[in-house]
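Here is a short briefing to read alongside the model. Keep the sequence and the 3D view open as you go.

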Amino acid sequence: MDAIDRSIVAVLETEGRLSVTELARRVRLTVAPCHRRLRELERAGVIRGYRAVVDPVALGCGFEVLTSITMDREDAATITAFEQGLADLPEVRHAERLFGDPDYLVRVATADLPAYQRLRDERLATLPGVRRLTSTIVMRRVVDQRPYPNT
C-alpha cells in the first residue's frame, strides 16, 4: 500500500458512503484510477466491507458490559465449543482471546442490567470450560470507532 491507498482507506473509514467521484476528489485522483485502487483494496481484503454505524440506545441495546472470562480448561475441543457458543450469542458484540489472565474479553450489549444478568447466568456462565466471569459495566465510551492511523 502506498500513501494514496492509505488516504483512500482513511477517508472511507470515516465516510464509507462516498461516491467514487467524491472519494477521488478528496484523495486528489481522477475517477478511473481511484476506482481501480478501490477495487484492488477490496479484492486484497484491505477493505473488508461497508456498514452503518448505529446508535445502540435507539436499538434498545444501550447497556454495555465488558466481561472477562477465565477458563478452567483449554483443550482444543473446549475452546472450539466455547468460542462457537460466544459466536451464537447475538448480544456479544466483540470477543477476543487474550494471552494471560483473563483468557477472553467480551463486550456485551443488552437492554438493561436484568437482561445482562439473565444472559450472564443462563448463557455465558454455562458455556463449556468457563471457570470465572467478571463483569464491568461501561459508563461511557471515550474513544469509539476511531479509524486506524494513516501511516
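Leaving aside its neighbours within four places in sequence, which residues is Met1 in contact with? The residues are Arg6, Val9, Leu41 and Val46. Keep in mind that this is a predicted model.

**The start of the chain**

- Met1 sits in the segment that comes before helix 1.
- Two of its contacts, Val9 and Leu41, turn up again in the packing of helix 1 against helix 3.
- Arg25 is 24 residues from Met1 along the chain, and the C-alpha atoms of the two are separated by 19 Å.

**Two packed helices**

- Two packed helices are described by the angle between their axes and the distance between the axes.
- Helix 1 covers residues 3-14, and helix 3 covers residues 31-43.
- Their angle is about 75 degrees, and their axes are 10 Å apart.
- The two helices are therefore roughly perpendicular to each other, because angles of 65 to 115 degrees count that way.
- Helix 1 brings Ile4, Asp5, Ile8, Val9 and Leu12 to the contact.
- Helix 3 brings Cys34, Arg37, Leu38 and Leu41.
- What kinds of residues make up this contact of helix 1 with helix 3? There are 7 nonpolar residues, no polar ones and 2 charged ones.

**Nonpolar cores**

- In soluble globular proteins, nonpolar side chains tend to be buried together.
- How many residues does the largest nonpolar core have? The count is 18.
- Ile69, Phe82, Leu86, Tyr104 and Leu124 have the most contacts inside this core.
- Strand 1 supplies the largest share, with 4 residues.
- Take Leu86 as an example. Not counting residues up to four places away in sequence, Leu86 touches Val92, Ala95, Tyr104, Val106, Leu124 and Leu127.
- Two of those partners, Tyr104 and Leu124, are also on the list of residues with the most contacts inside the core.
- A second, separate core has 13 residues. Val9, Leu23, Leu38 and Leu41 are among them.
- Val9, Leu38 and Leu41 also belong to the contact between helix 1 and helix 3.

**Salt bridges**

- How many salt bridges does a search of the whole structure find? The search finds 14.
- Glu22 pairs with Arg25, and their closest N and O atoms are 2.6 Å apart.
- Why can these two meet? They are 3 residues apart in helix 2 (residues 20-27), so about one helical turn separates them.
- Glu22 also pairs with Arg26, with the closest N and O atoms 2.9 Å apart.
- This pair is 4 residues apart in helix 2, which again means a separation of about one helical turn.
- Glu22 is partly exposed, at 21% relative accessible area. The cut-off matters here: Glu22 is not counted as buried because buried means under 20%.
- Arg26 is partly exposed too, at 33%, whereas Arg25 is exposed, at 55%.
- A network of salt bridges links Glu15, Glu22, Arg25 and Arg26.
- Elsewhere, Asp144 forms a salt bridge with Arg141, and the closest N and O atoms are 2.7 Å apart.
- Asp144 is partly exposed, at 41%, and Arg141 is partly exposed, at 30%.

- Thr21 is in helix 2. Is Thr21 buried or exposed? Thr21 counts as exposed, with 51% relative accessibility.
- Thr21 and His35 are 14 residues apart in sequence, and their C-alpha atoms are 8.6 Å apart in space.
- Arg28 lies in the loop between helix 2 and helix 3. Its phi is near 60 degrees, a positive value in a residue other than glycine.
- Arg28 also counts as exposed, at 76% relative accessibility.
- Where is Pro102 found? Look in the loop between strand 2 (92-97) and strand 3.
- The peptide bond from Asp101 to Pro102 is cis, and its omega is near 5 degrees.

Conventions: Residues numbered from 1 in each chain as written. Predicted model: local features only at pLDDT ≥ 70, side-chain atom pairs only at ≥ 80, totals over all residues. Heavy atoms only, no water. Salt bridge = Lys/Arg side-chain N within 4 Å of Asp/Glu carboxyl O. Buried < 20%, exposed > 50% of the residue type's maximum accessible area, 1.4 Å probe, protein only. Core = buried A, V, L, I, M, F, W, Y, C linked by side-chain atoms within 4.5 Å. Contact = heavy atoms within 4.5 Å. Axes fitted to C-alpha atoms, helices over the stretch in contact; angles between N-to-C directions. Parallel < 35°, antiparallel > 145°, perpendicular 65-115°, else oblique. Nonpolar A, V, L, I, M, F, W, Y, C, P; charged D, E, K, R; others polar.
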